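Open the model in your viewer and keep the selection panel at hand. The stops below say what to pick and what is there.

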Amino acid sequence: MLPRVVGLETEFGCFVRDSDLGEPEDIVEIVKNTIFQNRRVGALDIHTRDFAFEPAGAGGFLINGGRLYIDAVGSHEEYATPECASLTDLALYDRAGRMLLQSALDDLQIADRVSFHDNSVDHFGGHTFGCHENYLIRVDEDRYLHAIGLLLPFLITRQIFAGVGRVGGHRLTRPDSRSNIMSLSDRDIDYVWVSNFYGVEIDPEVDFQLSQRADHIVRAVSSRVRFNRAIINPKWDAYYSHEGAHRLHILFGEANKSEYATMLKVGATAAVLDIIERGEAPEDLILEEPLRDLRSVSRDSTYRWLVTLLDGSTIGAVDLQRRYLATAQRCLSGQDAETDWVLSEWERTLDDLERDPMSTSDRLDWSAKRSLYEGFIASEGLSWQDDMLHSLDLEYHNINPAAGLHAALEDQGRMIRYSDDVSVARAMTSPPASTRAHARGGIVSALIERPGLGYIVDWDGVFVESRRQINLTNPLRTYAAEAQRFIERLPTPSTAEKGAGAKRRKSRGQDPAE
């Protein structure tokens, strides 16, 4: 595939089982402080990145090159992986983020009473949160909407292997919300830039579906996200733009527990972006009603997964995916080992989904869930409507390896895993070696050793008082030599500490020389 960086942003729900510990909002703050102040694996933002959503102190960049912060909308922990140039790195750093949060709960000795979950829906509360994907793409603004049109049929139908699976369903209610189950927040921040409200009610007609978020997507493309969730959120961020490349921000994503599903999802998407950038993508697969098909594919228990094209004809999701796959095979085969893995596994998984969807339960989340839950229903005499099924669905996404159902499947050898615990532990504190995250992680480590320095850390550069700056504009460069020189020119840790002490004394009105 063409050189590009990718990254994931995962939002975590917090479940507090002991009310004496406080509210979830209290816990996420304590966990954030533990990670940055006690464990010292990140440099807390001392500047405001966004006055509404990311005030100073909400989080910061980590020594592994990623970022952890409390998203003001919903007050949840959000972890962004460092920029990754390989699928194995992406799956590794995605898991490292989960383990970082879990290790904080372990340090605080509250793991038996508090848990983080990377599920993407609150069934009884009506809320949804997600796992967003970021891709460096080479499409100019004039061709952007056309390129998105070519990508949407793929994104709509990739849930047949990328879907996380969900017990039950929701209906969005507008304008009648008498059956609404979603509580409204009393925090003003939750409604900044909100222009579209709706209620949410439980849909009793759905037992199980492929996607956790399909019921909540109301736009194909939208710059606003709250109550206006879209498949794609267009962002033209300066810190991702480089030599005509920009960030593609996909909102319609879910946190795959399966490393295989994560790698296949992102790898296949990157392959489709390659053929779009080459001008080779199929032009005759535009969907008549993308959002309708998004929900119908997710809810189709017959596994036919039909979508309707602009000319009124229908095609199954497997066959539509095969069209993209065939083009990718023609254009990309033999480029490198990772590309060949993606093309081979994409084809194998489509073959298995066509032959027997449940044969993929060793590697796809939705089929692993369905197989597990059907066995439980049969053994316990339950139905899909029993609350116990929703509890199981939540526990599948418990990030605690000692409690999560997905972790149990891995331990039993029933789910494919590529990473190992040693590599995950290393990825919690070491950045990838092949992107600019390598430089950022090293500089963040140096800043932690030098308390008192004023700094601004961002994806594309670091500024340290006074007038020390390093630009990291190319996401695919490591900037190793430049970062080393930058660190060498910083004050020594002891000098920085003396400067910090002088600042503290001055702020108290004392003579700095005292």
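Start with helices H3 and H5, which are oblique to each other because their axes cross at roughly 140 degrees. Oblique is what remains once angles under 35 degrees count as roughly parallel, over 145 as roughly antiparallel and 65 to 115 as roughly perpendicular. Select residues 141-157 for H3 and residues 259-277 for H5. The two axes come within 10 Å. Axes here are lines fitted to C-alpha atoms, for helices over the stretch in contact, and angles run from 0 to 180 degrees between N-to-C directions. Helices (H or I, at least four residues) and strands (E, at least two) are DSSP runs, numbered from the N terminus.

This is a predicted model: local features need pLDDT of at least 70, side-chain atom pairs count only at pLDDT 80 or more, and totals for chains, interfaces and linings use all residues. Residues are numbered from 1 along each chain as its sequence is written, and side-chain values use heavy atoms, with hydrogens and water left out.

**Still on H3 and H5**

The crossing of H3 and H5 is right-handed. Right-handed means that the near helix is turned clockwise from the far one by less than a right angle; anticlockwise makes a crossing left-handed. Now show side chains. H3 brings Arg143, Ala147, Leu150, Leu151, Phe154 and Leu155 to the contact. H5 answers with Ala268, Thr269, Val272, Leu273 and Ile276. Contact means heavy atoms within 4.5 Å. By class, this contact holds 9 nonpolar, 1 polar and 1 charged residues. Ala, Val, Leu, Ile, Met, Phe, Trp, Tyr, Cys and Pro count as nonpolar, Asp, Glu, Lys and Arg as charged, and the others, Gly among them, as polar.

**Next: H2 against H5**

From H2, pick Leu87, Thr88, Leu90, Ala91, Asp94 and Arg95. From H5, pick Glu259, Thr262, Met263, Val266 and Gly267. The residues of this contact divide into 5 nonpolar, 3 polar and 3 charged.

**Next: H7 against H5**

The crossing of H5 and H7 is left-handed. On H5, select Ala271, Val272, Asp274 and Ile275. On H7, select Tyr324, Thr327, Ala328, Cys331 and Leu332. The classes are 7 nonpolar, 1 polar and 1 charged.

**Next: glutamate 133**

Jump to strand E7, residues 131-137, where glutamate 133 sits. Is glutamate 133 buried or exposed? At 0% relative accessibility, glutamate 133 counts as buried. Buried means under 20% relative accessible area, exposed over 50%, partly exposed in between (1.4 Å probe, protein chains only). The side chain of glutamate 133 makes a polar contact with the side chain of tyrosine 135, at 2.6 Å. A polar contact is a pair of N or O atoms within 3.5 Å; within protein, one must be able to donate a hydrogen and the other to accept it, and residues adjacent in sequence count only if both atoms are side-chain atoms. Leaving aside neighbours within four places in sequence, glutamate 133 is in contact with residues including Gly7, Arg158, His249, Lys265 and Thr269.

**Next: asparagine 64**

Select the loop between strand E3 (59-62) and strand E4 (67-71) to find asparagine 64. Asparagine 64 is buried, at 1% relative accessible area. A polar atom of its side chain lies 2.8 Å from the backbone nitrogen of glycine 66. The side chain of asparagine 64 also reaches the backbone oxygen of alanine 427, at 3.1 Å. Beyond four places in sequence, contacts of asparagine 64 include Tyr79, Pro82, Tyr93 and Met428.

Go to helix H8, residues 337-355, and pick aspartate 352. Aspartate 352 counts as buried, at 12% relative accessibility. Its side chain makes a polar contact with the side chain of arginine 355 at 3.1 Å. Not counting residues up to four places away in sequence, aspartate 352 touches Pro357, Ser359, Thr360 and Arg363.

Then zoom out. The chain has 15 helices and 19 strands. Of its 514 residues, 57% count as buried.
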